[in-house]
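Work through the exercises below with the sequence and coordinates open. Try each task before reading its solution.

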Amino acid sequence: MNLQQKVKQTVQNYKLCNKKERVLVALSGGKDSTVTAYLLKKFGYNIEGFHIDLSMGKYSEKCLKAVQDLCKQLEIKLHIYDVKKEMGNSMCYLRSAIQSQKSLKNCAICGVIKKWIMNKEARKLKADKIATGHNLDDEAQTFLINVFKGSPDLSSNSGPITRNVGDKKFVSRIKPLFYIPEDDIKEYSKKMKLPVVYEKCPCAIDSYRIQVRKFMNTMPDKNKLNIVGNMEKLMKKIDRSPRDDSSKDDSGEPSGEPSGEPKDNEINYCEICGEPSRKKVCKMCELMKLK
Ligand code: SF4
Ligand SMILES: [Zn+2]
């Protein structure tokens, strides 16, 4: 089966979305989210693009251009959220302010902020689903990181679709590339000549994930599939108690930190911003609480 057929199978078998639903694809300008949008459109789904402009200099400019080119090519609507305009400062500035008081990695901060924006904006736009570019390598890495950190249960909500679909304020996330190895996605994006920024984000710092990635790169893809397959088996047995998961953020970049997605049976709303949260105060408001 080729990549396209495999993705179609994932979308159909897991009922990720239907053709009446409005699906917002979180576009970063990278290969994974680009291929996600390209294929969903090719399969005839009703998609629109959503891009968060982080104002991180030249890199952000290139990403924005790639996303605009893609949406033009696919003839889909593009929604742009300008962090500087909406939140008053670039992501670099927000991060430095937070890091002056809290010891957190770049991606941990950026990931939480982007996730918060994504859910809020997707709801405003009345989207039924948010599609992200998470791939097989990301999912296997995340599971191993959680195991190495002694918390495999943090992966309990992993899968091609989030299971917390019942809450009206939480927009479900789907991952059509869940079973596709990263190298295959790269090759496909090049073959299809898609507008992609291949260089890594200059602010991506997550040494633990980088170590795990290096280790996993020595494995054949079938071992990665085994890891994810075993993870799914194990998670069925694990009690779905309160959790966070460590995964890539919505643009498909590694956040390296818990996502804080609420679960079916424990949807709360942040008492500050009103967004879905496991705790009284969501991660975003927790981050922004500077002295
Ligand atoms: S790699 Fe990290 S810092 Fe860069 S955009 Fe993604 S989450 Fe943000
Ligand atoms: Zn909040």
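**Exercise 1. A lysine and its partner**

Task: Classify Lys62 as buried, partly exposed or exposed. Then find which residue it forms a salt bridge with, and state which parts of the chain the pair ties together.

Solution. Note at the outset that the model is predicted.

Step 1. Lys62 has 38% relative accessibility, so it counts as partly exposed. The class runs between 20% and 50%.

Step 2. Lys62 forms a salt bridge with Glu199. The closest N and O atoms are 2.6 Å apart.

Step 3. Lys62 sits in helix 3 (residues 57-74), and Glu199 in the loop between helix 8 (182-191) and helix 9. The pair therefore ties together parts that are 137 residues apart in sequence.

Step 4. Check the partner. Glu199 has a relative accessible area of 40%, so it is partly exposed.

**Exercise 2. Salt bridges within a helix**

Task: Examine the salt bridges Lys124 to Glu121 and Lys224 to Asp221.

Solution. 

Step 1. In the salt bridge of Lys124 with Glu121, the closest N and O atoms are 3.3 Å apart. Both residues belong to helix 6 (residues 106-124). They are three residues apart, which means a separation of about one helical turn.

Step 2. Turn to helix 10 (residues 221-237), which holds Lys224 and Asp221. Their side chains meet in a salt bridge of 3.4 Å, N to O. Being three residues apart, they too are separated by about one helical turn.

Step 3. How many salt bridges does a search of the whole structure find? The search finds 13. Lys31, Asp32 and Glu182 are linked in a network of salt bridges.

**Exercise 3. The zinc site**

Task: List the protein donors of the zinc ion (ligand 2) and work out the arrangement of the donor atoms.

Solution. 

Step 1. Collect the donors. They are the SG atoms of Cys270, Cys273, Cys282 and Cys285, lying 2.2 to 2.3 Å from the zinc ion.

Step 2. Read the spacing. In sequence, the donor residues follow C-x2-C-x8-C-x2-C.

Step 3. Test the angles. The four donor atoms subtend 107 to 113 degrees around the zinc ion, so the arrangement is tetrahedral. The test asks for all angles between 85 and 135 degrees.

Step 4. Cys273 is partly exposed, at 22% relative accessible area. Cys282 is buried, at 5%.

**Exercise 4. A buried arginine and a surface patch**

Task: Locate Arg209 and find which side chain it joins in a polar contact. Then say which residues make a nonpolar surface patch with Phe148.

Solution. 

Step 1. Arg209 is in helix 9 (residues 207-216). Its relative accessibility is 1%, so Arg209 counts as buried.

Step 2. A polar contact of 3.0 Å joins the side chains of Arg209 and Thr142.

Step 3. Phe148 lies in helix 7 (residues 136-148). At 45% relative accessibility, Phe148 counts as partly exposed.

Step 4. Val147 and Phe215 complete the patch with Phe148. The area of this nonpolar surface patch is about 270 Å².

Note on methods. Residues are numbered from 1 along each chain as its sequence is written. Chains are lettered from A and ligands numbered from 1 in the order in which they are written. This is a predicted model: local features need pLDDT of at least 70, side-chain atom pairs count only at pLDDT 80 or more; totals for chains, interfaces and linings use all residues. Side-chain values use heavy atoms; hydrogens and water are left out. Helices (H or I, at least four residues) and strands (E, at least two) are DSSP runs, numbered from the N terminus. Buried means under 20% relative accessible area, exposed over 50%, partly exposed in between (1.4 Å probe, protein chains only). A polar contact is a pair of N or O atoms within 3.5 Å; within protein, one must be able to donate a hydrogen and the other to accept it, and residues adjacent in sequence count only if both atoms are side-chain atoms. Donors are N, O and S atoms within 2.8 Å of the metal (3.2 Å for Na, K and Ca); water is not among the atoms, so sites may look incomplete. Four donors count as tetrahedral if all angles lie between 85 and 135 degrees; four count as square planar and six as octahedral if opposite donors are over 155 degrees apart and all others between 65 and 115; anything else is irregular. Patches are made of residues with over 30% relative accessible area and no salt bridge: like charges are joined within 9 Å, nonpolar side chains (Val, Leu, Ile, Met, Phe, Trp, Tyr) within 5 Å. Accessible areas come from the Shrake-Rupley method with a 1.4 Å probe; for residues, only the protein chains shown count as cover. A salt bridge is a side-chain nitrogen of Lys or Arg within 4 Å of a carboxyl oxygen of Asp or Glu.
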